[in-house]
Amino acid sequence: MRLSWLNGPAIVVDIFGASALDAATLRSVADSIPDGASRVLFRTDNTRRGIMSRAAFDASYVGFTEDGARWLVEHKPRVKTVGVDYVSIAAYAHLVTAHVVLLEAGIVPVAVSYTHLTLPTILLV
């Protein structure tokens, strides 16, 4: 991992109304991710529901499924950093498999807290 992968502009993709970041969902927003993008942050219903500000863990959060992670790796090969607006980038049912797919491809997963619409706080996971 290079520190430069975490530093610099990122594309923020809004995905509302999806229960997971699966391959079908990512295909539907593919045009929102330029082919040259190296950092992509996904803002989901996690933000709308305000679950990052709750003390209790919420297993119903929106995150990557294994097939969503594979879609990103295969279709957006320049992405080196990916973030989701909760404490994990992987959906609860895909905690290990989604992380493995991304990490094996050399992608750095980050958790993102949108405390302001334009100023995310990024946490390495």
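What follows is a short talk about the aromatic rings of this predicted model.

Student: How many aromatic pairs does a search of the whole structure find?

Tutor: The search covers the whole structure. Two rings count as a pair if their centres lie within 6.5 Å. The number of aromatic pairs found is five.

Student: Is the pair of Phe 42 and Phe 64 stacked, tilted or edge-to-face?

Tutor: The two ring centres are 5.6 Å apart.

Student: How many residues apart are Phe 42 and Phe 64 in the chain?

Tutor: Phe 42 is in strand β2, residues 39-43. Phe 64 is in the loop between α2 and α3. The pair links distant parts of the chain, 22 residues apart.

Student: Is Phe 64 buried or exposed?

Tutor: Its relative accessibility is 0%. Buried means under 20%, so Phe 64 is buried.

Student: Which parts of the chain does the pair of Tyr 61 and Tyr 86 tie together?

Tutor: Tyr 61 and Tyr 86 form a tilted pair, 4.8 Å centre to centre, with 35° between the planes. Tyr 61 lies in the loop between α2 and α3. Tyr 86 lies in the loop between β3 and α4, so the pair ties together these two loops.

Student: Which residue lies over the face of Phe 16?

Tutor: Look at the face of the Phe 16 ring. At 3.7 Å from the ring centre lies Arg 48.

Note on methods
Residues numbered from 1 in each chain as written. Predicted model: local features only at pLDDT ≥ 70, side-chain atom pairs only at ≥ 80, totals over all residues. Heavy atoms only, no water. Phe/Tyr/Trp six-rings, centres within 6.5 Å; stacked < 30°, edge-to-face > 60°. Helix = DSSP H or I, 4+ residues; strand = E, 2+ residues; numbered from the N terminus. Buried < 20%, exposed > 50% of the residue type's maximum accessible area, 1.4 Å probe, protein only. Lys NZ or Arg CZ within 6 Å of the ring centre and 35° of its normal.
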